[in-house]
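Student: Could we go through this model together and ask what stands behind each label?
Tutor: Gladly, let us take the labels one by one.
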Amino acid sequence: QRVRPDLAVAVAYLTTRVTCPTELDQFKVQKVVNRLHATKDQGLFFPRSGDPRLSCYADAAFGCHADGKSHTGIVFMLGDAVVLIKSMKQKMVGKDSTEAELIALTDMLSYATHCHDFLVAQGVQPPCPLVLQDNKSVITQVSTSTKKMRTLHLKVRRAIAKEMWADGEIEVQYCHTKEMSADLLTKPLHGKELRHLTNKITHDVK
């Protein structure tokens, strides 16, 4: 959870199984341990390079849990350095991927506000956080849409995001899925895709 974000999804899922583990769960835990042994020189890297603006990636895997809930992934970067990661099960059910992405984005906003306020308290005057989202429907929802939401709860979530954008507290931009760092924290990835997103966050720390 602190230094190996590439394993955050596996940890998040396995911790939901601690009350009724099976032999299959034990096999999955062993695979996580094996990966740790094979990549023990890999970890978070904090370079000085990059734009000092806070970049906030938010993504969601729709309906992936047994109870129909989706999974949220959040990555905060200050320049090229990762300063916050979150991989967590959502607390409410979304009926489609747009709702799941909206829930992920609005869950992330409080973290963005806290991180920005912390930088200001250190004497830094950064621009507003840049929120990166790979779902164009969500960007439309929080920018121009007046479409009626399914529940009051979702309506309020959208209103909060729209208000923060209108007040200049955040800026929302589209990010292609291949460059969505938070995708690493929402679902199992493999091969080239896994290596690419992992390398954006973690590096060889020998």
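Student: Why is lysine 89 called partly exposed?
Tutor: This is a predicted model, and in it lysine 89 has a relative accessible area of 36%. Buried means under 20% and exposed over 50%, so lysine 89, at 36%, falls in between and is partly exposed.

Student: What makes the contact of lysine 89 and aspartate 67 a salt bridge?
Tutor: The N to O distance between their side chains is 2.8 Å. The cut-off is within 4 Å, so the pair qualifies. Lysine 89 sits in strand β4 and aspartate 67 in the loop between β2 and β3, so the bridge ties together parts 22 residues apart in sequence.

Student: Is aspartate 183 buried or exposed, and how do you know?
Tutor: Its relative accessibility is 3%. Because buried means under 20%, aspartate 183 counts as buried. Its side chain meets that of lysine 187 in a salt bridge of 2.3 Å, N to O, and lysine 187 is partly exposed at 29%.

Student: What makes β4 and β6 edge strands?
Tutor: The open sheet has five strands in the order β4-β3-β2-β5-β6, with mixed pairing. Each of β4 and β6 has a single partner strand, so one side of each is left without a neighbour in the sheet.

Note on methods. Residues numbered from 1 in each chain as written. Predicted model: local features only at pLDDT ≥ 70, side-chain atom pairs only at ≥ 80, totals over all residues. Heavy atoms only, no water. Pairing = 2+ DSSP bridges. Helix = DSSP H or I, 4+ residues; strand = E, 2+ residues; numbered from the N terminus. Buried < 20%, exposed > 50% of the residue type's maximum accessible area, 1.4 Å probe, protein only.
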